[in-house]
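Subject: Structure handover

Hello,

Here is the structure I promised you. Please open it beside this email and follow along.

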Amino acid sequence: DSETRHTFTWTIHELLTSAQLAVEGRVMHHCVASYTRRCVSGEASIWSLRVQDMDAAEPEPYNVLTIALDTKKRIVTQARGRYNLQPFDRAGLAKQRRTGRPYLRLLRESARILRLWMDREGLTHG
């Protein structure tokens with residue numbers, strides 16, 4: 001990152017259990033746990049885009065974006081950050097203030113990472 005001069009490592013993890021969905025919802029302040037039934041039926045899958053600051057004393061994964069995927073059509077149906085912010089969301093200034101400037105930089109960068117993942121996996125955005 002040219003602004004912070006830190007090295008970031010991005011990863012994407014599929015959330016496979018209702019407990020993982022509930023944790024993601026709590027961390028991200030949105031209702032991703034409501035997807036449990038669709039995930040169990042195979043209709044949808046949920047993914048968590050995370051980042052680690054490799055220059056931090058103890059690099060901990062940091063959740064940046066939650067991604068909903070229609071598994072049959074291979075379409076990303078939603079991509080939401082904390083408080084349901086979208087990577088280029090200019091609305092919701094109160095929500096943005098709650099997240100802080102460092103998170104908003106990561107959220108904007110997550111759009112590029114999401115696009116790379118979608119291209120690699122042959123996914124489209126719906």
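In strand β4, Gln78 is the bridge partner of Ala68. This is a predicted model, where local features need pLDDT of at least 70, side-chain atom pairs count only at pLDDT 80 or more, and totals for chains, interfaces and linings use all residues. Residues are numbered from 1 along each chain as its sequence is written, and side-chain values use heavy atoms, with hydrogens and water left out.

**Strands**

Strand β3 covers residues 62-70, and strand β4 covers residues 75-80. Strands here are DSSP runs (E, at least two residues), and helices are DSSP runs too (H or I, at least four residues); both are numbered from the N terminus. β3 and β4 pair in the antiparallel sense over 5 bridges. Two strands pair if DSSP finds at least two bridges between them. The hairpin of β3 and β4 has 4 residues between the strands. In that hairpin, Arg74 takes a positive phi near 60°.

β3 also pairs with strand β2 (residues 44-53), in the antiparallel sense over 8 bridges. There, Val51 has Tyr62 of β3 as its bridge partner. β3 is mostly covered, with 8 of its 9 residues buried. Buried means under 20% relative accessible area, exposed means over 50%, and partly exposed lies in between (1.4 Å probe, protein chains only).

**Aromatic rings**

How many aromatic pairs does the structure hold? It holds 2. Rings of Phe, Tyr and Trp (its six-membered ring) pair if their centres lie within 6.5 Å; planes under 30 degrees apart count as stacked, over 60 as edge-to-face, and the rest as tilted.

Trp47 and Trp117 form a tilted pair, 5.3 Å centre to centre with 55° between the planes. Trp47 is in strand β2 and Trp117 is in helix α4 (residues 101-121), so look 70 residues apart in the chain. Both Trp47 and Trp117 are buried.

Tyr62 and Tyr103 form an edge-to-face pair, 6.3 Å centre to centre with 65° between the planes. Tyr62 lies in β3 and Tyr103 in α4, so this pair ties together parts that are 41 residues apart in sequence. Tyr62 is partly exposed, at 30% relative accessibility. Tyr103 is buried, at 2%.

**Charges over rings**

A charge sits over a ring if NZ of Lys or CZ of Arg is within 6 Å of the ring centre and within 35 degrees of the ring normal. The charged end of Arg82 sits over the ring of Tyr103, 5.5 Å from its centre. The charged end of Arg38 sits over the ring of Tyr35, 4.2 Å from its centre.

**Salt bridges**

Side chains of opposite charge can pair when their charged atoms come close. A salt bridge is a side-chain nitrogen of Lys or Arg within 4 Å of a carboxyl oxygen of Asp or Glu. The structure holds 3 of them.

- Glu109 bridges to Arg112, with the closest N and O atoms 2.5 Å apart. Both lie in α4, 3 residues apart, about one turn of the helix. Glu109 is partly exposed at 29%, and Arg112 is partly exposed at 46%.
- Arg115 bridges to Asp119, with the closest N and O atoms 3.4 Å apart. They are 4 residues apart in α4, about one helical turn. Arg115 is partly exposed at 40%.
- Arg120 bridges to Glu121, with the closest N and O atoms 3.0 Å apart. Arg120 is exposed at 63%, while Glu121 is partly exposed at 33%.

Best wishes
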